[in-house]
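Open the model in your viewer and get ready to select residues. This tour makes two stops.

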Amino acid sequence: MTEKDRGLKNCFLCLRNKKINCFDLENKLIDEFGGAGYYFDKISLVGYDNPEGITAAIKDACQNFENVLIVCPKDMEEAVSGYAGRLLGAQFDNFGFLHMEKSDVFMYFSDMDTPAKPSDFIKILNKKYENKFDKSFIKTVGAPEEVISVALGKAKKICDGLGFNIKDRFGDCTVEIVYDAALPKSVYDGVMRTLVSELKDYIYALEDITLEERLFQLLKLRRMKISVAESFTGGGVSKRLVSVSGVSEVFFEGLNTYSNEAKAERLGVETETLRRYGAVSKETAYEMAAGLIAGGNCDVAVATTGIAGPKSDNTLKPVGLLYIAVGKRDGISVFEYNLKGSRESITERAINLALFLAYKLLK
């Protein structure tokens, strides 16, 4: 049965300092409930300095929704619990729960540890609705939003009771599929076949694993070593690799060849190549990767060069232009991208693309 079939109504109410623009806590909580199959029909964020708005929001949540998650600082506990309790004619317990026959309210403190965790509220909801959910994952890189949207739409036509949580970090996208544990295997298999078919060009894993961990697994399986030469990514690709435990088995070296002199001296990039095509070019990217392989100590080479911004270099090349070279001893391929966004966004997306291209090379 889906939430729609059961008529569930879930409300997320957060009382917060409106001057703070970080929403990490709110996103984390929403993701945690979504991961258990509970999605909020209404999400309200109300500022501390709006007492009338706070009163109206609590009244709406308690009177119109079956399940309410209230997030507030500890010093608002007495006022919030007192008002909500009066509305519902019940009392919060010492763990921040207010339970009635049809309504459940959970209070979570944003500035300190709460006696009960969101997982405890989820257990209450699971018992209340006799639910048990399972999860599957599809990990992708570079999949356009419209492609993901079409894939999810086709999957929902097979089973309308699916829930999806989409988490994207600079193009590295996790599609979390939440479904009733009682879903027939034939239906589940049909859903996964559809999603994999639609997203096949962008998938690197069908489990909750990081991109660098997946690349490490493949390198270890193939008994290969990798070397990386970076320019504008500034060592970011290497940093991601060395975050994986045991990567010393497969990672030979990472060079941060930022200047033209370093590219020439450390990688053997021809001075004429740099003069004629520039540091940001497919020719330079190719020679950077070729220089790593020529060293004879690696089986796989990755090289990055580009313009992250905020300003371009002294050429007419645009911010966001980048080249990534990946290859083995039998050949090197160079990929060109034109990315949009901030310096951080361009750099981080390029790091993900470099790792993904190395994965695809070995797949």
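Select β1 (10–16), β3 (67–72) and α5 (118–129): each gives at least two residues to the lining of the largest cavity. This is a predicted model.

Which element supplies the largest share of that lining? Look at β3, which contributes 3 residues.

Now show the whole lining. Select N10, C11, F33, Y38, Y39 and F40.

Colour the lining by class. You will find 9 nonpolar residues, 2 polar ones and no charged ones.

How is such empty space found? A probe the size of a water molecule is rolled over the atoms, and this shows where space is left empty. In this structure, the volume of the largest cavity is about 50 Å³. A search of the whole structure turns up 1 cavity of 30 Å³ or more.

Next stop: a pair of helices. Select α8 (residues 211–222) and α13 (residues 343–362). Their axes come within 10 Å and cross at roughly 30 degrees. Because of that angle, α8 counts as roughly parallel to α13; the cut-off is under 35 degrees. Is the crossing left-handed or right-handed? α8 passes α13 in a left-handed crossing.

Zoom in on the side of α8. Pick out L211, E212, R214, L215, L218, L219 and R222. In α13, they meet N352, L355, F356, A358, Y359 and L362. Colour this contact by class too. Its residues divide into 9 nonpolar, 1 polar and 3 charged.

Technical notes: Residues numbered from 1 in each chain as written. Predicted model: local features only at pLDDT ≥ 70, side-chain atom pairs only at ≥ 80, totals over all residues. Heavy atoms only, no water. Axes fitted to C-alpha atoms, helices over the stretch in contact; angles between N-to-C directions. Helix = DSSP H or I, 4+ residues; strand = E, 2+ residues; numbered from the N terminus. Parallel < 35°, antiparallel > 145°, perpendicular 65-115°, else oblique. Left-handed = near helix turned anticlockwise from the far one by under 90°. Contact = heavy atoms within 4.5 Å. Nonpolar A, V, L, I, M, F, W, Y, C, P; charged D, E, K, R; others polar. 1 Å grid on protein atoms, 1.4 Å probe; cavity = no way out; pocket = protein on both sides within 12 Å on 5 of 7 lines; lining within 4 Å. Points joined across faces, edges and corners; volume = space filled by probe spheres on them.
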